[in-house]
Amino acid sequence: MRIIHQRPYHPFATKRTTGHLIGLSIIIFVPLLFLLLFSYVAKISLPSLFENLGISLFRMGTACIISIVLGWLLAVFFYKGKRGDIALPVFDILQSFPISAILPIAVFYLGSSGIVVIMFLVLEIIWPILFSILSSLKLIRRDFIEAVKVSGISGLDYLHFFLIPVTTPGLITGTIIGLGNGWESLVATEIIVHTRLGLGNFFNAFSSNPQVTLLGILAFLAVIFSINKSIWLPLLEWSHNKMEE
Amino acid sequence: MTNKLITIENIYKNFGGKGKSNFETLKDVSFNIIKEEFLVLLGPSGCGKSTILRLLSELDQPSSGKITYEKDFSKEKMSFVFQQSAVFPWLTVGQNVELDLIGDKVPKEKRKILVKEELKEFGLEKFVKYRPRDLSGGLKQRVGLARAFVTGPKLIFLDEPFSELDIFTAEELRRELLRLWKKHDSTVVMVSHNIDEAIELADRIVVFSARPGQIKGIIKNELPRPRNPRSKEFFDMQDEIRALLKPENLE
């Protein structure tokens with residue numbers, strides 16, 4: 001018998017090297033440094049800065065969770081059969097719809113609330129998630145589908161042992177792309193909606209001061225980079241490793 | 001005959017339809033599968049051998065014709081071994097073997113025991129926590145076989161299970177398969193395009209024509225086991241099958 005690699009699988013295996021720890025520290029401290037600098041230059045109290053940043057991150061996080069749940073459910077329900085034949089062209093049209101064009105109307109009817117921001121963020125984030133999961137589902141090997149049928153697993157076992165693992169890589173890839181769209185829209189949506197709190201409010205207030213705005217953008221980018229580097233990229237690598245044959 | 005497990009009558013299978021070109025894969029196929037026999041379906045690529053396995057295991061439906069199972073046979077007692085093993089990369093070796101037992105609602109404690117026994121049977125006990133990507137092709141196919149045998153199936157379908165393996169590993173696994181078939185008193189239906197493999201393993205060989213697959217002949221193989229591939233009888237049988245598979249006979 002031949003074994004290619006002797007590598008028992010451990011679900012919580014992590015890299016524990018000095019380089020890894022230094023990298024992790026940089027990921028955490030660089031955004032903090034930028035935020036402190038921004039707070040100093042813009043003469044904003046730290047609690048106020050963190051409150052506004054926290055609110056924006058909360059909106060983004062909520063929109064992301066709603067998009068993941070909704071995108072996954074829609075993809076699983078509509079990926080094949082007659083339902084799919086009808087729904088997929090509709091999704092394709094909807095994803096091309098210029099959402100920001102109806103933002104002022106939504107504000108007019110629903111008011112300047114954080115919920116409107118979340119709703120519009122969902123409409124920005126959900127499409128890449130939905131289409132990436134659809135692509136994962138359509139690319140499942142035929143013999144995998146047949147092996148699952150033969151095994152007779154159903155219900156929660158089917159979800160746990162098959163459906164969730166095969167959709168996870170698509171979900172993670174889609175979420176990374178979706179969040180890219182989301183970060184881009186977050187500030188703009190908050191400015192248009194005129195929310196009292198949030199980063200949009202900040203950038204709006206400092207629009208006449210390019211230096212502070214630039215520093216704010218750099219701090220914002222550092223936060224996004226940290227989130228991607230510490231959460232999404234390791235998740236992407238983990239999911240691809242898991243599917244490696 | 002009372003020992004028939006499955007009767008296949010006038011099966012036709014077409015693929016395509018509705019906006020796609022329609023092509024006939026199987027044409028008027030009829031034969032029986034006898035209890036506890038080792039049956040090999042042999043024929044050129046694309047003649048519909050694998051399609052028959054999918055029809056028999058109810059993974060697909062025939063366009064017309066009838067497949068009848070013996071009255072007392074429970075369809076839960078069927079299992080399937082795939083050409084590329086179809087071992088799930090996201091599960092460990094142990095979880096892969098356990099999957100069919102979960103499907104059969106076997107209690108967790110009993111599952112643990114059965115998986116352990118089956119892994120030992122296939123020499124995989126060291127690899128219980130390994131992921132399939134860490135195993136060679138032969139070991140992966142062993143996992144596929146262990147998954148199929150763990151539930152104690154009475155009917156096993158194998159779709160060219162050794163075609164992607166090197167000759168030494170394939171030879172070893174063929175011996176293993178014969179041992180397990182006898183041990184479990186199960187019925188085996190295997191697809192192959194390898195004449196020597198068919199003669200080495202089968203009690204009966206169903207020879208198919210090129211697409212659309214039709215039965216060219218059913219050969220009874222009564223050579224004593226273990227079969228000697230250098231014997232005159234083995235060569236005679238090869239010639240008999242080759243004659244059926246000649247291009248002019250396949251048309």
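Biologist: Let me start with β7(B): which residues lie on one side and which on the other, and are they buried or exposed?
Modeller: Good place to start, and keep in mind that this is a predicted model. On one side of β7(B) sit Thr187(B), Val189(B) and Val191(B), and on the other sit Val188(B), Met190(B) and Ser192(B). They are all buried, which leaves both faces of the strand covered.

Biologist: Why do the numbers skip by two on each side?
Modeller: Because side chains in a regular strand alternate between the two faces of the sheet.

Biologist: And what does that say about the strand as a whole?
Modeller: Six of the six residues of β7(B), which covers residues 187-192, are buried, so the strand is largely enclosed by the rest of the structure.

Biologist: Which strands pair with β7(B), and in what sense?
Modeller: One of them is β3 of chain B, residues 38-42, which pairs with β7(B) in the parallel sense over five bridges. Within that pairing, Val40(B) has Met190(B) as its bridge partner. β6(B) also pairs with β7(B) in the parallel sense, over five bridges. There, Ile156(B) stands opposite Val188(B).

Biologist: How does the chain get from β6(B) to β7(B)?
Modeller: It crosses through α5(B), and this β-α-β crossover is right-handed.

Biologist: Switching topic: what's in the largest nonpolar core?
Modeller: That core has 68 residues, and those with the most contacts inside it are Val40(B), Leu42(B), Ala146(B) and Val189(B). Helix α4 of chain B, residues 137-149, provides the largest share, six residues. Domain 1 and domain 2 of chain B each give the core at least three residues.

Biologist: You mentioned two domains. Where are they in chain B?
Modeller: Domain 1 is made of 4-73 + 154-250, and domain 2 is 87-153. Their centres, taken over C-alpha atoms, are 26 Å apart.

Biologist: How many residues are in contact between them?
Modeller: Eleven residues of domain 1 of chain B are in contact with seven of domain 2. On the domain 1 side, β6 (155-159) and α5 (167-184) each supply at least two residues. α5(B) has the largest share, with four residues. By class, that side has six nonpolar, three polar and two charged residues.

Biologist: What about the contact between the two chains, how many residues does each give?
Modeller: 24 residues of chain A are in contact with 29 residues of chain B. On the chain A side, α6 (142-151), α7 (155-193) and α9 (210-243) each give two or more residues. α6(A) gives the most, with seven. That side of chain A divides into twelve nonpolar, three polar and nine charged residues.

Biologist: Last one: is helix α1 of chain B mostly covered or mostly open?
Modeller: Mostly covered, as six of its eight residues, 49-56, are buried. Among them are Ile52(B), Leu53(B), Leu55(B) and Leu56(B), along with Lys49(B). Just after the helix, Glu58(B) takes a positive phi of about 65°.

Conventions. Residues are numbered from 1 along each chain as its sequence is written. Chains are lettered from A and ligands numbered from 1 in the order in which they are written. This is a predicted model: local features need pLDDT of at least 70, side-chain atom pairs count only at pLDDT 80 or more; totals for chains, interfaces and linings use all residues. Ala, Val, Leu, Ile, Met, Phe, Trp, Tyr, Cys and Pro count as nonpolar, Asp, Glu, Lys and Arg as charged, and the others, Gly among them, as polar. Domain bounds come from an automatic or database domain assignment. A nonpolar core is a set of buried Ala, Val, Leu, Ile, Met, Phe, Trp, Tyr and Cys residues joined through C-beta atoms within 7 Å. A residue is buried if 20 or more other C-beta atoms lie within 10 Å of its own, exposed if 12 or fewer, and partly exposed in between; C-beta atoms are placed from the backbone. Two strands pair if DSSP finds at least two bridges between them. A crossover is right-handed if, with the strands pointing away from the viewer, the path from the first strand over the helix to the second runs clockwise.
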